[in-house]
Amino acid sequence: MVDIHSHVLPGIDDGSKSMEETVEMIQMARAHGTTVLVASPHADTQYTYDAARVDELLAEARTLAGPGIQLVRGCDFHLMFDNIEAALREPLKYTINQKGYLLMELSDLTIFPNTGTLWSQLEEAGMKIILTHPERNPLLRQRLELVQEWVSQGRFMQVTGQSLLGLFGKKAEEFARQLLDLGLVHFIASDAHDLRGRPPRLDVAFQWICEHYSPRLAELLFIEHPAAVIRGEALDLSEFPPERKGNKPGFWSRLFRK
Ligand SMILES: [Fe+2]
């Protein structure tokens with residue numbers, strides 16, 4: 001599996017607290033089936049993103065963690081003015097593996113009415129937007145039509161694996177399922193921050209998707225789509241979303257699909 005969102009590097013955000021924890025997190029990911037792990041430190045009002053420092057830490061972590069898992073640089077990019085200016089100056093700097101896909105985090109407190117316009121500027125400069133965990137944003141949970149609009153405009157949605165398991169509360173779980181039912185989820189990632197509360201594991205969520213949706217959807221969300229992101233290639237959405245297990249549409253898709 002390919003995990004496009006994690007905070008495994010030490011001392012640069014609210015993720016790993018030490019290089020020892022970092023190595024354990026990487027080993028845990030590898031032991032549970034992750035073959036590519038994107039380290040995506042925050043770039044927000046609290047944490048400054050220093051790409052050279054991230055690269056140094058990645059090199060150290062690669063040496064200490066050993067083979068069997070590829071570590072790639074990304075960024076958890078908060079939508080704010082300074083970040084947009086910086087990304088427009090260096091369009092690949094914040095993107096996953098510096099190949100063009102940008103993890104985009106919105107504020108929980110406000111959704112700027114010009115969000116789409118700001119994203120268009122980034123897209124014109126060559127970036128592709130992956131919105132992180134819309135199911136955990138209380139404002140977006142009230143704005144399903146906005147998520148639908150963004151997806152119809154070619155933006156992608158990444159859900160956190162633990163949301164499916166109810167670990168971010170009932171509302172996040174329900175909205176995540178609703179988005180899945182409507183074919184609005186393109187990626188599932190761990191957004192790991194530590195070893196226990198928010199571990200870098202995708203195996204449980206993978207199994208959950210196999211059981212509740214289909215093994216084919218699990219392959220797309222955990223393997224094929226994120227692998228295309230690592231390579232900087234377009235997602236193949238020709239068969240997306242695949243038929244659900246037993247051909248039974250979910251409640252939300254019955255309600256909303258024409
Ligand atoms: Fe994150």
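Modeller: Happy to! Let's start at His-133, which counts as buried because it has 23 C-beta neighbours inside 10 Å. Here a residue is called buried if 20 or more other C-beta atoms lie within 10 Å of its own, exposed if 12 or fewer, and partly exposed in between, with C-beta atoms placed from the backbone. Please keep in mind that this is a predicted model, in which local features need pLDDT of at least 70 and side-chain atom pairs count only at pLDDT 80 or more, while totals for chains, interfaces and linings use all residues. Residues are numbered from 1 along each chain as its sequence is written.

His-133 is found in the loop between S7 and helix H5 (144–152). Helices (H or I, at least four residues) and strands (E, at least two) are DSSP runs, numbered from the N terminus. The backbone of His-133 has a positive phi of about 30°, although this residue is not a glycine. Most residues other than glycine have a negative phi.

Asp-191 also has a positive phi, near 50°, and is likewise a residue other than glycine. Look for Asp-191 in the loop between S9 and helix H8 (203–212). With 27 other C-beta atoms within 10 Å, Asp-191 is buried.

Now for the sheet itself. Six strands form an open sheet with parallel pairing, in the order S3-S5-S6-S7-S8-S9. Strand S3 (42–43) and strand S9 (187–189) stand at the edges with a single partner strand each, so one side of each is left without a neighbour in the sheet. Two strands pair if DSSP finds at least two bridges between them. Strand S7 (residues 128–132) and strand S8 (residues 156–160) pair in the parallel sense over three bridges, and Phe-156 in S8 is the bridge partner of Ile-130.

Ile-130 also leads us to Tyr-101, whose contacts include Ile-130 and Lys-128, along with Thr-95, Ile-96 and Val-229, leaving aside residues up to four places away in sequence. Contact means that the C-beta atoms of two residues, placed from the backbone, lie within 7 Å. Tyr-101 is found in strand S6 (residues 101–105) and is buried, with 27 other C-beta atoms within 10 Å. The C-alpha atoms of Tyr-101 and Gly-232 are separated by 6.9 Å, although these residues are 131 residues apart along the chain.
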